[in-house]
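Student: I have a structure to study. Can we go through what its labels mean?

Tutor: Gladly. Let us look at it together.

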Amino acid sequence: MNLTPELCHAARILARIDRARLAAESGLAEDRIAAFEEGTGEPGDSMREKLQTTLEALGVVFLPEEAEGGIGVRLKFTESETRRILNWEGEGGRANEDDVV
C-alpha cells in the first residue's frame, strides 16, 4: 500500500495526535510530515514506511484498495475497547510487585 498525504492526515486525525506527537513517535521532522500532508514535499519510501508503521502502532489500520468500500483508514479498536484495554493494563499495580514467578 502506498501511503498518500490524505491517508496520513486522516490516520493522524483518527489517532487523535498532532504532527508534533507523530514526529516524536516516528523520529521524523515535523516540518517534513507537514510538507508531506500538504502535498508540498515528496518523502522517500523509507519515510512513508516509518509513518505508516508509527500510525499502525498508534492503533490505525490501513485498508487496501481491494477492501470493501475501497482504500481508507480506521481505528483498530473502538473508543470503548480502548478504555477497557487501558483499564486492564492498570490492574494489579506496577509490574514486579508480587511474588509470582
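Student: What makes a residue a contact of Leu55?

Tutor: This is a predicted model, so contacts are computed from its atoms: heavy atoms must lie within 4.5 Å. Leaving out residues up to four places away in sequence, Leu55 touches Cys8, Ala11, Arg12, Ile17, Leu22, Val60 and Phe62.

Student: What makes a set of residues a nonpolar core?

Tutor: Its members must be buried residues of listed kinds, such as Leu and Phe, joined through side-chain atoms within 4.5 Å. The largest such core here has 17 residues. Leu51, Leu55 and Phe62 touch the most other members. Helices H1, H2, H3 and H4 and strand E1 each give two or more residues to this core. In soluble globular proteins, nonpolar side chains tend to be buried together.

Student: Why is Arg16 called exposed?

Tutor: Exposed means over 50% relative accessible area. Arg16 has 68%, so Arg16 is exposed.

Student: Where does Arg16 lie?

Tutor: Arg16 is in the loop between H1 and H2. Its phi is positive, about 60 degrees, although Arg16 is not a glycine.

Student: How much of the protein chain is buried?

Tutor: Buried means under 20% relative accessible area. Of the 101 residues in the protein chain, 29% are buried.

Student: Which elements does the protein chain have, and in what pattern?

Tutor: The protein chain has 5 helices and 2 strands. Along the sequence, the pattern reads α-α-α-α-β-β-α.

Notes: Residues numbered from 1 in each chain as written. Predicted model: local features only at pLDDT ≥ 70, side-chain atom pairs only at ≥ 80, totals over all residues. Heavy atoms only, no water. Helix = DSSP H or I, 4+ residues; strand = E, 2+ residues; numbered from the N terminus. Buried < 20%, exposed > 50% of the residue type's maximum accessible area, 1.4 Å probe, protein only.
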